[in-house]
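Dear colleague,

Please find below the structure that I am handing over to you. I would be grateful if you read the notes after it with the structure open.

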Amino acid sequence: MLRGVRSLLGRCIPQLLEGPGLDFAAGTCRGTPASGPIAMATGAKDNRQSHNQTQLQVPNRLIHEKSPYLLQHAYNPVDWFPWGQEAFDKAKNENKPIFLSVGYSTCHWCHVMEEESFRNKEIGEILSEDFVSVKVDREEHPDVDKVYMTFVQATSSGGGWPMNVWLTPDLQPFVGGTYFPPEDGLTRVGFRTVLLRIRDQWKQNKAMLLENSQRVTASLLARSEITVGDRELPPTASAVSKRCFQQLEEVYDEEHGGFAEAPKFPTPVILSFLFSYWAAHRMTSEGFRAQQMAMHSLKMMANGGIRDHVGQGFHRYSTDRQWHIPHFEKMLYDQAQLAVAYTQAFQVSGDELFSDVAKGILQYVSQNLSHPSGGFYSAEDADSVPEGEMKPKEGAYYLWTMNEIKDLLPEPVEGATEPLSLGQLFMKHYGVTETGNIGSTQDPQGELQGQNVLTVRYSMDLTAARFGLEAETVRKLLDTGREKLIQIRKRRSRPRLDIKMLAAWNGMMVSGYAIAGAVLGKEELINQAIDGAKFLKRHLFDVSSGRLFRGCYATIGGTVEQSSSQFWGFLEDYAFVIRGLLDLYEASGESAWLEWALRLQDMQDKLFWDTQGGGYFCSEAELGGNLPLRLKDDQDGSEPSANSVSAHNLLRIHAYTGRRDWMDKCVKLLTAFSDRLRRVPVALPEMVRALCIQQQTIKQIVICGSPQGQDTKALIDCVHSIYVPNKVLILYDGEPSSFLARQLPFLVRLQKVESQATAYVCENQAYSLPVTEPAELRKLLLL
């Protein structure tokens, strides 16, 4: 698809905006790599110019928005508009092109461009006089982001944020790119030059621009269509999953774990696929290999600098193969998915390293990303102001010097084979050195000399052996050291908090707490999942219409309020909230969460289902009416695609209700994505898992017993302790009029044996013999 669109652009606009360093046939600024933020994450500094920069004393109209990202631009000398009809009407009435700039509050390069270009008075005048400038928070408007990112990726060598796209008044894109420096350099054109050339071309060649933008949009529309076509069934799961595994094995990093070189992302969807592949092939060499790849990756991430060893939680990604130097922002969706991945690893292995990491992630979220009413904030920024300085720097909150740690941890360690302070022990274990452990290639400007990212260099046993200590003694000493560093961190300037609370990401976090709580036997984690679900229902659900809102915001006083422009939920909001509610039902046994999930699934089908081509659109037809494309996500990336999650939800809900229409929808959805699943299954590992479950069938594990009974709890705990990717857990209390008994009439035929809690495993409408002992149930589940 991308090659065809690039070719079309090359024919349509061969000389659109000639000039050194510009390649508008490619849709972006030549010399500005898609991986630009990676360089910044390592400490590299751009040449920021203070010349002619200004901030307004009187804010622009973005001051009335709730989005932290938009508010960061509220004092720019730019006549910014939020996304909406007012801006579109102005562009049409004044015959001006629209400059659309999309980013998010914790985006480092978004901060850079805001400081360099959007604070620049001269650039602000050009943007205000010659364009209608629109600023969008991609997390508020994922539909806008997806449409125009599709254009940027299809017409250039990559994408990223900030995303900057020029549109016709009818919202058709004709030029796009990512980060632009403010002024021309030796190898790349500056933002000011880009604006002036586009302004001139709009005045001189507007008809050509309009015609070409329509052609490009038509080409994108044709190539982005996902439909069942003349196919009746999806591809064979065994062949697709095998190909997905092989594609992952080809890019697996044997030494450091993870996939590809650098930058290296956690990709929980891949890890989840590998665990599922192991479960289906556990007696084969391929199954063992899949387990090993996932386990090694998780261990290396847990030891690396991508994990915050002081405050817990994970940073966004690593800028190197070794998971050592991260891009320091912390995103809620990463915490949610990694909590589940580490919990699954504990189920598979029994290794408490994984359960400890999962608990640490959730502890971080509880302490730093949780609203008192039960909701979860979106992210913490990468940048903060170092002590004694005025300007934010990336990673300042998380970095340490050797002298800091020596001074903070001077206590002698008793029983060591040589004179040893707690600081020396801590530095040895976490790789802290006097010159710093950040290499010159990751710090080309030399501004991070002497700084250290904590990363585990030795196992607990090796560190203990080096100093003649017991491993448990070392563990306690390191815990003491971390607690002292936490207290010092509290004195530092914290990174900015994005207080936006999104339905989709809150749904993910409900899943994270529910699954970890159930598997680890932690009732307090399940209770936090319940609080999260209650928050969703109280603040992000419209009772009168039965629809979800996209998000809400915390105020300075701690209350919760909606956005100034109320946004209805998108497909991903429904998919992730439904998944969270299903996970919460299995963790808590409260059928009210399951009932709400079913109602939301009905609403999702009504708003987003493609009755002709199958699968779900990302946005509603009515709400996305102004956009040139209506898309279906076809990639599992940092988050699984909403269609992949929906495929799983449909399978589970079918198993809870017996409703055939939901199974039919799942099959049609998988069929619509057949081409993608056959050619590049590695792009959709979460959907490949759903395809395998659909063709393997789901195990309905029914526990008959009193919800408060210890024998019932023992059987439920057994189910949660085992990794079974193709199961649903059904709790039946023996009441024929209960919600689940009305959905699944066969439940009334399943009885307790000798008044004991009893388990049945049902597959393909065939039931196992009843079992009352957890050990017997375990054998059944491992068959």
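The notes below describe salt bridges, a surface patch and a pair of helices.

This is a predicted model, in which local features need pLDDT of at least 70 and side-chain atom pairs count only at pLDDT 80 or more, while totals for chains, interfaces and linings use all residues. Residues are numbered from 1 along each chain as its sequence is written, and side-chain values use heavy atoms, with hydrogens and water left out.

Salt bridges

The structure holds 52 salt bridges (a salt bridge is a side-chain nitrogen of Lys or Arg within 4 Å of a carboxyl oxygen of Asp or Glu). In helix H18, residues 471-489, Asp-479 and Arg-482 lie three residues apart, about one turn of the helix; helices are DSSP runs (H or I) of at least four residues, numbered from the N terminus. Their side chains form a salt bridge with an N to O distance of 2.1 Å. Asp-479 is partly exposed at 35% relative accessibility, whereas Arg-482 is buried at 17% (buried means under 20% relative accessible area, exposed over 50%, and partly exposed in between, with a 1.4 Å probe and protein chains only).

A salt bridge also joins Lys-393 to Glu-389, with the closest N and O atoms 3.4 Å apart. Lys-393 is partly exposed, at 26%, and Glu-389 is partly exposed at 37%.

In helix H26 (residues 685-696), Arg-689 and Glu-686 are separated by about one helical turn because they are three residues apart. Their side chains meet in a salt bridge of 3.1 Å, N to O. Arg-689 is buried, with a relative accessible area of 10%, and Glu-686 is buried at 2%. Elsewhere, salt bridges with shared partners link Lys-146, Arg-550, Glu-572, Asp-573 and Asp-633 into one network.

Surface patch

Ile-63, Leu-71 and Tyr-75 make up a nonpolar surface patch with about 220 Å² of accessible area together. Patches consist of residues with over 30% relative accessible area and no salt bridge, where like charges are joined within 9 Å and nonpolar side chains (Val, Leu, Ile, Met, Phe, Trp, Tyr) within 5 Å; accessible areas come from the Shrake-Rupley method with a 1.4 Å probe, and for residues only the protein chains shown count as cover. Ile-63 sits in the loop between helix H2 (36-41) and helix H3 (68-71), and is partly exposed at 32%.

Helix pair

The axes of helix H14 (residues 352-368) and helix H19 (residues 503-520) come within 11 Å and cross at roughly 140°. Axes are lines fitted to C-alpha atoms, for helices over the stretch in contact, and angles run from 0 to 180 degrees between N-to-C directions. H14 and H19 are therefore oblique to each other (angles under 35 degrees count as roughly parallel, over 145 as roughly antiparallel, 65 to 115 as roughly perpendicular and the rest as oblique).

Yours sincerely

Methods
Helices (H or I, at least four residues) and strands (E, at least two) are DSSP runs, numbered from the N terminus.
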